[in-house]
Each structure stands twice: as structure tokens, then as C-alpha cells.
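Please keep the sequence and the structure in view while reading.

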Amino acid sequence: MKTFSKPLTPEEEAYYLEEYRSGDEKAVQEAKDVLIERNLRLVAYVLKKYAGAPQDMEDMISCGTIGLIKAVNTYVPGKGTRLATYAARCIENAILPRMCLRFQNRKKQVFKL
């Protein structure tokens with residue numbers, strides 16, 4: 001069974017966020033990769049809330065990962081919020097519309113019978 005990488009320490013997170021904002025193309029891509037990979041466990045943590053949902057878990061993981069990527073791309077460190085806090089909200093925002101859409105589609109199918 002594959003496990004997630006350990007989360008970043010606050011010092012590591014600050015370093016990689018600074019690297020991400022540095023402008024050097026190679027450093028930016030490496031920092032972005034690390035920030036995403038080391039926060040993937042956050043996607044799983046947020047998805048735990050929806051464990052009993054009828055949606056396909058792989059789809060929800062994909063949507064959550066897209067939310068994480070958006071969080072890394074749009075995070076502003078000076079706003080007083082940690083990346084994980086901001087990312088958790090972005091992950092939920094990426095998952096919830098898909099869940100609602102699927103629930104509505106299933107409801108329509110049930111009523112058509």
C-alpha cells in the first residue's frame with residue numbers, strides 16, 4: 001500500500017512558497033510539485049467527510065487534487081492563513097459541485113422510473 005509523503009513543516013512550507021514566488025522557472029516548478037505532493041494527504045483528509053457518499057472515490061480524488069493545485073496556484077502567504085487551511089477550502093469547493101450534480105442526476109433517474 002502506498003502512503004502519502006509527510007506534510008511540510010512550517011519552515012519547509014515557507015521555503016517552498018518563497019521558491020514558488022521566486023520567478024526562476026525551474027525552481028517554481030520544483031516548488032509547486034513539492035507543495036502539491038506533500039499536501040496530497042489533505043485531499044484524502046477532506047474526502048473522509050464524504051466517505052459514505054455514492055460518488056466514485058477516484059473522481060472525487062481527481063476533483064480534490066485539482067482543488068489542491070488551484071490552491072497552490074492562487075495562495076497568497078501574507079493574508080494570515082496557512083496553505084493547508086486555504087487548500088482545504090479549495091478542495092471542498094472543487095468536490096462539492098460535482099457531488100451535488102451527481103446527486104441531482106441520480107434523483108432525476110429515480111423519478112423517471
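## A buried tyrosine and its partner

Y75 counts as buried, because its relative accessibility is 5%; buried means under 20% relative accessible area, exposed over 50%, and partly exposed in between, with a 1.4 Å probe and protein chains only. The model is a predicted one, in which local features need pLDDT of at least 70 and side-chain atom pairs count only at pLDDT 80 or more, while totals for chains, interfaces and linings use all residues. Residues are numbered from 1 along each chain as its sequence is written, and side-chain values use heavy atoms, with hydrogens and water left out.

Y86 is partly exposed, at 29% relative accessibility. The ring centres of Y75 and Y86 are 5.8 Å apart and the ring planes are at 50 degrees, so this pair is tilted. The pair links distant parts of the chain, since Y75 is in the loop between helix 4 and helix 5 and Y86 is in helix 5, eleven residues away. Rings of Phe, Tyr and Trp (its six-membered ring) pair if their centres lie within 6.5 Å; planes under 30 degrees apart are stacked, those over 60 are edge-to-face, and the rest are tilted.

By this rule there are two aromatic pairs. Y15 and Y16 form an edge-to-face pair, because their ring centres are 5.1 Å apart and their planes stand at 75 degrees. Y15 is partly exposed at 47% relative accessibility, and Y16 is partly exposed at 22%.

## Overall make-up

The chain has five helices and zero strands, and its elements run α-α-α-α-α from the N terminus on. Helices (H or I, at least four residues) and strands (E, at least two) are DSSP runs, numbered from the N terminus.

Of the 113 residues in the chain, 30% are buried. The chain exposes about 7,900 Å², and carbon and sulfur atoms supply 56% of that area; accessible areas come from the Shrake-Rupley method with a 1.4 Å probe, and for residues only the protein chains shown count as cover. Among contacts between residues at least 6 apart in sequence, 67% join residues at least 24 apart. Contact here means heavy atoms within 4.5 Å.

E13 lies in helix 1, which covers residues 10–20. This glutamate counts as buried, at 7% relative accessibility. Leaving aside residues up to four places away in sequence, E13 touches L8, L35, R82 and L83.

Helix 3 covers residues 40–48, and its buried residues are L42, V43, V46 and L47. Seen down the axis of helix 3, the buried residues fall within an arc of 135 degrees, so they line one face; the arc is that of the directions from the helix axis to the C-beta atoms. The face turned away from the buried side of helix 3 carries Y45 and K48, which are exposed. An α-helix has 3.6 residues a turn, so residues three or four places apart point the same way.

## Salt bridges

The whole structure holds four salt bridges, each being a side-chain nitrogen of Lys or Arg within 4 Å of a carboxyl oxygen of Asp or Glu. One of them joins the side chains of E12 and R38, at 3.6 Å from N to O. E12 lies in helix 1 and R38 in the loop between helix 2 (25–37) and helix 3, so the bridge ties together parts 26 residues apart in sequence. E12 is partly exposed at 29% relative accessible area, and R38 is partly exposed at 21%.

Another bridge joins K49 and E92, at 2.2 Å from N to O. K49 is in the loop between helix 3 and helix 4 (57–74) and E92 is in helix 5 (residues 83–112), so this pair ties together parts 43 residues apart in sequence. K49 is exposed at 57% relative accessibility, whereas E92 is buried at 12%.

R89 also forms a salt bridge with E92, with the closest N and O atoms 3.8 Å apart. R89 and E92 are three residues apart in helix 5, which means about one helical turn separates them. R89 is exposed, at 52% relative accessibility.

## Cysteines

What is the number of disulfides in the structure? The structure holds zero disulfides, a disulfide being a pair of cysteine sulfur atoms within 2.5 Å. C63 is buried at 14% relative accessibility, and C90 is buried with a relative accessible area of 14%.
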